[in-house]
Amino acid sequence: MRTGVWLVGARGSVATTSIVGALALRSGLTGPTGCVTELPELRGPALPAFSDLVLGGHDVVATPLAKRAESLAAAGVVPARLVDALGTELAEVERELRPAPTVGTQAERAAATVEDLTAFRERHDLARVVVVNVSATEPAAGPHPAHTDPAALRAALAGADEVLPTSSLYAYAAVEAGCPYVDFTPSTGLRLPALRALADERGLPYAGHDGKTGETLVKSVLAPMFAMRHLAVRSWSGTNLLGGGDGATLADPAANAAKVASKQRVLEEILGYVPQGGTRIDYVEELGDFKTAWDLITFAGFLGTGMRMEFTWHGCDSALAAPLVLDLARLTAAAHAAGDTGPLADLAFFFKDPLGAPTHSLGDQWNRLCAYTRRLHEGVSGADPR
């Protein structure tokens, strides 16, 4: 089941790490640590193999992929030995990367993107192409009348106005090309009613938003503990220090606000109320591709006795995100092959702000994911589910 993975932001840190990882897995140079789909509970015949993944993408920058990989190796994100060993394979992927369309109306840019996606699919005789957005976080989209009606949207895109944010324009192009869409960012993507309607018309599955890789992952485990033990969380405050391109992007107040809103929703959904405190994100250039998060939780137990808990998370977002990008591409491809449509709520396990998900508890999300993948595997003709 040869499957295309088209990365929006293909020369960024997350995409480059995903590409190096996929090539290393395909070549047998590394193990699948961090790839959830390789756990016994999820592994099975419905998922395309790593060797079946064909990689391509768009970016607005032109830095050669090999140079980006070398920079990540120098920063300690990926092993230098892998970059050295995968020179030929990286060059092959380089030939599948295209400049992001930036000229003309949004309709013309979308048409150019559709042309690239279609040519990629036909060139490699792919069963399907999954478009994954791993580009920089955008500010929240402003309202527009065309966002609610597909016909009005098509008409508006042909005009001079910037009707859609970039993530949503890529979502529109993906739908027009018949491609499932995954948004690993907190950007608007396919959340607009007109785009969801178009995806439904085409019978396409989609997933998002905002990959859950660090501090919010820990929150989704700890918050249910407080709720199930009937402990009252009085405050929950977090500080995130980020370097790299993601940190630089989030230095913009509007993009920062969109990211913070995504991170905060998990507590209200799990606890049933909003404790005092919030999340702060600061750019610290010196940290490079790594980040540090520190959280302080105050809570009350029996008889109102006050207590507190603190945790510190120090990790590399690209190394945490990349295997999840590959997981999501494989799962979304399997969903498309199975004929599933609409928001893939059962993939909520991977996201901070998941589409259509009834729960933010990581344990509940895990159980739903296992049940869903079991169904996918059982649906493959003649398969012996694992």
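Which strands does helix H12 lie across, and at about what angle does helix H12 run to S10? Helix H12 (residues 317–337) lies across S9 and S10, and its direction makes about 80° with that of S10. The model is predicted: local features need pLDDT of at least 70, side-chain atom pairs count only at pLDDT 80 or more, and totals for chains, interfaces and linings use all residues. Residues are numbered from 1 along each chain as its sequence is written, and side-chain values use heavy atoms, with hydrogens and water left out.

**Terms**

- Helices (H or I, at least four residues) and strands (E, at least two) are DSSP runs, numbered from the N terminus.
- Axes are lines fitted to C-alpha atoms, for helices over the stretch in contact, and angles run from 0 to 180 degrees between N-to-C directions.
- Two strands pair if DSSP finds at least two bridges between them.
- Contact means heavy atoms within 4.5 Å.

**The seven-stranded sheet**

- Seven strands form an open sheet with parallel pairing, in the order S3-S2-S1-S4-S5-S6-S11.
- S3 and strand S11 (342–343) are the edge strands, each pairing on one side only.
- Strand S1 (residues 3–8) runs parallel to S2, with six bridges between them, and Gly4 stands opposite Val54 in S2.
- From S1 the chain passes through helix H1 (residues 13–26) to S2, and this β-α-β crossover is right-handed (with the strands pointing away from the viewer, the path from the first strand over the helix to the second runs clockwise).
- S1 is also joined to strand S4 (residues 128–133) by six bridges, again in the parallel sense; Thr3 has Arg128 in S4 as its bridge partner.
- Helix H7 (residues 166–176) packs on this sheet and touches S1, S2, S4 and strand S5 (181–183), with its direction at about 160° to that of S5.

**Strand S2**

- Strand S2 (residues 53–59) is largely enclosed by the rest of the structure, because seven of its seven residues are buried (buried is under 20% relative accessible area, exposed over 50%, partly exposed in between, with a 1.4 Å probe and protein chains only).
- Leu53, Leu55, Gly57 and Asp59 point one way from S2, while Val54, Gly56 and His58 point the other way; all are buried.
- S2 and strand S3 (residues 97–99) run parallel and are joined by three bridges, and Asp59 stands opposite Pro99 in S3.

**The four-stranded sheet**

- A second open sheet has four strands in the order S8-S7-S9-S10, with mixed pairing.
- Strand S8 (279–283) and strand S10 (306–316) each have a single partner strand, so one side of each is left without a neighbour in the sheet.
- From one strand to the next, the twist averages 10°.
- S7 and S8 run parallel over five bridges, and Thr239 has Arg280 in S8 as its bridge partner.
- S7 and S9 run antiparallel over 10 bridges, and Ala232 is bridged to Ala300 in S9.
- Helix H9 (residues 215–228) lies across strand S7 (232–242), S8, S9 and S10, and runs at about 155° to S10.

**Helix H6 against helix H8**

- Helix H6 (residues 150–157) and helix H8 (residues 193–202) pack with their axes 9 Å apart, at an angle of about 110°.
- That angle makes H6 roughly perpendicular to H8 (under 35 degrees counts as roughly parallel, over 145 as roughly antiparallel, 65 to 115 as roughly perpendicular and the rest as oblique).
- On the H6 side, Pro150, Leu153 and Arg154 meet Ala194, Leu195, Ala197, Leu198 and Glu201 in H8.
- By class, this contact has six nonpolar, no polar and two charged residues (Ala, Val, Leu, Ile, Met, Phe, Trp, Tyr, Cys and Pro count as nonpolar, Asp, Glu, Lys and Arg as charged, and the others, Gly among them, as polar).

**Single residues**

- Ser318 is in helix H12 and counts as buried at 5% relative accessibility.
- Not counting residues up to four places away in sequence, Ser318 touches Ser13, Val14, Thr17, Val77 and Asp289.
- Thr312 is in strand S10 and counts as exposed at 55% relative accessibility.
- Leaving aside neighbours within four places in sequence, Thr312 is in contact with Thr292, Ala293 and Trp294.
- Thr312 and Asn240 are 72 residues apart in sequence, and 9.8 Å apart in space, C-alpha to C-alpha.
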